[in-house]
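User: Hi! Could you walk me through a few local features of this one?
Analyst: Happy to, go ahead.

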Amino acid sequence: MANAQSNVAFRIKEFTGPKGIVKVEEPISQPRAHEVLVRIHAVSLNFRDFAIPSGLYPFPIKDNVVPGSDMAGEVVSVGEGVEEFKIGDRVTANFDQTNWYGPQRNWHGALGAPIDGVLQQYRVFHEIGLLYVPKHLTYEEASCWPCTGVTAWNALFGSVPIVPGQTVLFQGTGGVCMTGLQLAHAMGAKTIITSSSDQKLELAKKMGATHVINYKKHPDWDKVVEELTDGEGADHVFDVVGVNEIEKCFNSVKQGGVISTIGFLGGEQKTHPNVPLLALTTGAILRGINVGPKQLHEDLLRFVDTNQLRPHIDKVFPFEQTKEAIEYLSKGQHSGKIVIKVSS
């Protein structure tokens with residue numbers, strides 16, 4: 001940071017999509033007691049990073065917010081009383097800076113919406129909101145775990161933990177599902193993943209998918225899941241679409257299984273399933289996933305370190321092309337993670 005005079009950041013000025021995001025130069029904030037200044041090296045994107053500037057995000061957003069929640073960086077300065085970190089440490093940040101253990105208390109602590117996020121060169125964090133990153137990961141790879149990784153880990157281990165030999169069904173090949181596929185495969189689970197792209201399904205096979213389903217070729221994909229599981233269904237289902245596909249998720253889940261509702265990619269509601277009756281009929285748990293606390297984040301990174309896992313990165317953009325990266329994200333043609341390289 002020796003020659004740094006200012007902090008370049010992106011802020012959402014208008015909710016008109018990526019074009020409403022503008023680049024600004026601001027003073028570099030200095031850490032106070034128990035705070036840490038981090039030079040951000042890489043940021044990975046999630047669907048919410050398109051939904052927020054596009055006015056599609058259903059949760060609180062502050063005015064003029066810096067978007068982005070997932071980063072990896074380097075400690076460059078520490079405030080008085082900081083004990084956990086020192087200058088030079090490689091760190092990442094928890095998605096919700098106030099959620100350390102247990103359920104999320106409210107929607108006021110998540111990076112990139114109610115508070116300023118990480119699409120900036122420098123950011124001050126309270127030391128309790130940071131974690132060390134595994135040594136084998138690059139900054140780009142280390143930035144990929146805070147939202148998608150913890151969400152997938154929470155779905156697999158946060159309530160009814162996955163057991164080796166069980167079956168997990170993933171809807172699509174986006175960040176959460178591809179990360180969940182890696183984790184479930186490393187745990188010895190059988191995995192089924194859906195996509196409209198045979199190319200993406202081939203990639204999923206290389207990453208350990210036991211079975212793949214092209215839902216364009218098999219619109220009744222729930223029936224295919226039933227066949228693949230000998231009529232039993234999947235023990236865990238990752239629902240990233242929402243209400244328009246939730247009945248097929250219930251058709252695909254095992255009696256007493258778990259459906260983790262993670263996303264809302266399905267858009268405007270077109271169907272009106274009787275969800276209480278579906279839950280009663282299957283005895284399944286329908287559980288909403290709000291990413292997860294620092295406690296689960298630490299567990300995830302320990303697992304990543306032990307198994308030497310690396311995320312699948314679809315594409316890396318330079319910091320100057322942040323808006324183009326979010327536009328690329330909006331097309332939904334990627335598989336795995338999109339990363340922005342903020343600094344070298």
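User: What follows H8, and what is its phi like?
Analyst: In this predicted model, H8 is followed by glycine 283, and the phi of that glycine is positive, near 65°.

User: And what happens at the start of H8?
Analyst: Helix H8 covers residues 275–282. At its start, asparagine 274 has a side-chain oxygen that reaches to within 3.2 Å of the backbone nitrogen of leucine 277.

User: Nice. Switching to packing: how do the axes of H3 and H9 cross?
Analyst: H3 (residues 148–157) and H9 (residues 294–307) have axes that come within 9 Å and cross at roughly 95°. So H3 is roughly perpendicular to H9.

User: Which residues meet there?
Analyst: From H3 you have Gly149, Val150, Trp153 and Asn154, and they meet Leu296, His297, Asp299, Leu300 and Phe303 of H9. Sorted by class, this contact has 5 nonpolar, 3 polar and 1 charged residues.

User: OK, new topic. How many cavities of 30 Å³ or more are there?
Analyst: The structure holds 1 of them. The largest cavity has a volume of about 40 Å³.

User: What lines the largest cavity?
Analyst: Its lining is Gly175, Met178, Thr179, Gln182, Met207, Pro311, His312, Gly336 and Lys337. By class, that lining has 3 nonpolar, 5 polar and 1 charged residues.

User: Which helix gives the largest share of that lining?
Analyst: That would be H4 (residues 175–186), with 4 residues.

Conventions:
Residues numbered from 1 in each chain as written. Predicted model: local features only at pLDDT ≥ 70, side-chain atom pairs only at ≥ 80, totals over all residues. Heavy atoms only, no water. Axes fitted to C-alpha atoms, helices over the stretch in contact; angles between N-to-C directions. Helix = DSSP H or I, 4+ residues; strand = E, 2+ residues; numbered from the N terminus. Parallel < 35°, antiparallel > 145°, perpendicular 65-115°, else oblique. Contact = heavy atoms within 4.5 Å. Nonpolar A, V, L, I, M, F, W, Y, C, P; charged D, E, K, R; others polar. Polar contact = N/O pair within 3.5 Å; in protein donor to acceptor, adjacent residues only side chain to side chain. 1 Å grid on protein atoms, 1.4 Å probe; cavity = no way out; pocket = protein on both sides within 12 Å on 5 of 7 lines; lining within 4 Å. Points joined across faces, edges and corners; volume = space filled by probe spheres on them.
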